[in-house]
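Hi everyone, thanks for making time. Let me put the model up, and then I'll talk you through it.

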Amino acid sequence: QSSFRGGPIAISQHHALGYHRDDRGFHLARAGGVDTSAIVGNSGLFTTVGDVLRFAQNLGDARVGSADHLNAMQTAVTLGENGTSPWGLGVEVGVDGGLKTVGHGGGDRGIAAYVIRYPAHDLNVAVLCNLDNLNAVVGALARRVAAVYLPARSRPQSPDGSAAGTEPPSVADLASKTGLYR
């Protein structure tokens, strides 16, 4: 269902609008600002969680592209005497809770997104948000979701060094978040 937009946004039942929150509350991100609806490329992709997860799974399954090329993408680039970069070829390469991770994040007006893959556990998590204020924390949100599924010894670390998400949310906690958010 992914596509690149090439012109003004037409409201569609399958697309969420992007929001921004400030001291006045929530408002459409494009309201009062620059119209970014004609941008194509890094900010012009309409996608779904399912398509992002298929991309992440392809990094392990190599259904599209060769295994050699996909492995090169997921290998941190060597910077000679300066060590290694936290980037492979287009994706972030890191270690979280003792596990190798591969991921990528981004955002624009009204959106924030992050996908992370834990190859050792064949676990992929994608978080797509229609609130741009989450750019700084969307990666942490994805890691907290992963913590629910990863063994305790390899759970991601919070910025303060403590284990993130050490207690999975209860059914009641999750049920209290159910609903249509606008």
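The protein exposes about 11,500 Å², with carbon and sulfur atoms supplying 56% of that area; accessible areas here come from the Shrake-Rupley method with a 1.4 Å probe, and for residues only the protein chains shown count as cover. Keep in mind that this is a predicted model, where local features need pLDDT of at least 70, side-chain atom pairs count only at pLDDT 80 or more, and totals for chains, interfaces and linings use all residues. Residues are numbered from 1 along each chain as its sequence is written, and side-chain values use heavy atoms, leaving out hydrogens and water.

Of the 182 residues, 29% are buried, meaning under 20% relative accessible area with a 1.4 Å probe, protein chains only.

Now the layout. There are four helices and eight strands, taken as DSSP runs numbered from the N terminus (helices H or I, at least four residues; strands E, at least two). Along the sequence they read β-β-β-β-α-α-β-β-β-β-α-α.

Let's look at helix 3, residues 138–149. Which of its residues are buried? Val-138, Gly-139, Ala-142, Ala-146 and Ala-147 are, and the buried residues of helix 3 pack against strand 7 (111–118) and strand 8 (123–129), with contact meaning heavy atoms within 4.5 Å.

Strand 5 (residues 92–96) and strand 6 (residues 99–108) pair in the antiparallel sense over five bridges; pairing takes at least two DSSP bridges. Val-95 has Lys-100 in strand 6 as its bridge partner. Two residues lie between the strands, and Gly-97 in the turn has a positive phi of about 60 degrees.

Conventions. Buried < 20%, exposed > 50% of the residue type's maximum accessible area, 1.4 Å probe, protein only.
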